[in-house]
Structures are given as C-alpha cells and as structure tokens.
Amino acid sequence: VYESVRAACTPGTNDDKVWLQYWIASGILSYTTEFIDDIKVYFPQGGEHWYEFEFFVTLWLMFPLTDGATLIYDVVTEPYL
C-alpha cells in the first residue's frame with residue numbers, strides 16, 4: 001500500500017498505472033477467494049492448495065521482474081474496456 005500511495009504522489013503517471021493494474025488483478029484474486037469453500041466441495045484437491053496458489057500468484061503479480069499485473073491487465077482486462 002505504501003508504494004501505491006508514493007506512486008500517486010509523484011508527478012508522473014507511469015507508476016500510477018502499474019500499481020492500478022496490480023490492484024485490479026489483486027482484487028479479482030481476492031474476490032475469487034470468497035468462493036473457494038464452495039469450489040472445495042466439488043474439487044477437494046484443487047481447493048486444498050488454493051492458498052498456496054494465491055500466495056505465489058500474488059508474488060507473480062507484485063514483482064517488477066515478472067510484471068504479472070500488467071500481463072493480466074493487457075490480456076484479460078483491457079480487451080473488455
């Protein structure tokens with residue numbers, strides 16, 4: 001959150017875009033976590049490792065080297081806007 005606030009306070013807009021893309025992807029991931037208990041009923045082994053999956057996806061979204069949030073934004077979100 002600190003990096004997001006710091007990015008919003010800078011005059012440039014490029015860093016704002018990066019963090020906004022992260023928060024969009026992170027929000028979608030958090031939203032799907034709400035339904036994981038219902039999914040566990042039908043796919044017990046898939047639901048068993050959900051939180052580990054969520055942890056690694058969050059790391060992938062955050063790290064600048066992988067730039068996962070931008071990839072998700074460009075492939076999934078932007079075509080629908």
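Set aside the neighbours within four places in sequence, and Glu54 is in contact (heavy atoms within 4.5 Å) with Leu29 and Thr33. This is a predicted model, where local features need pLDDT of at least 70, side-chain atom pairs count only at pLDDT 80 or more, and totals for chains, interfaces and linings use all residues. Residues are numbered from 1 along each chain as its sequence is written, and side-chain values use heavy atoms, leaving out hydrogens and water.

**Glu54**

**Helix H5**
- Glu54 sits in H5, a helix (a DSSP run of H or I, at least four residues, numbered from the N terminus).
- H5 covers residues 50–62 and reaches 18 Å from its first C-alpha to its last.
- Trp50, Glu54, Val57 and Leu61 are buried in H5.
- Those four cover an arc of only 70° around the axis (using directions from the axis to the C-beta atoms), which puts them on the same side of H5.

**Ile72**
- Ile72 belongs to helix H6, residues 68–77.
- Ile72 is partly exposed, with a relative accessible area of 27%.
- Beyond its neighbours within four places in sequence, Ile72 is in contact with Ala25, Trp60, Leu61 and Thr77.
- The C-alpha atoms of Ile72 and Leu61 are separated by 8.6 Å.

Conventions. Helices (H or I, at least four residues) and strands (E, at least two) are DSSP runs, numbered from the N terminus. The expected span of a helix is 1.5 Å times one less than its number of residues. Buried means under 20% relative accessible area, exposed over 50%, partly exposed in between (1.4 Å probe, protein chains only).
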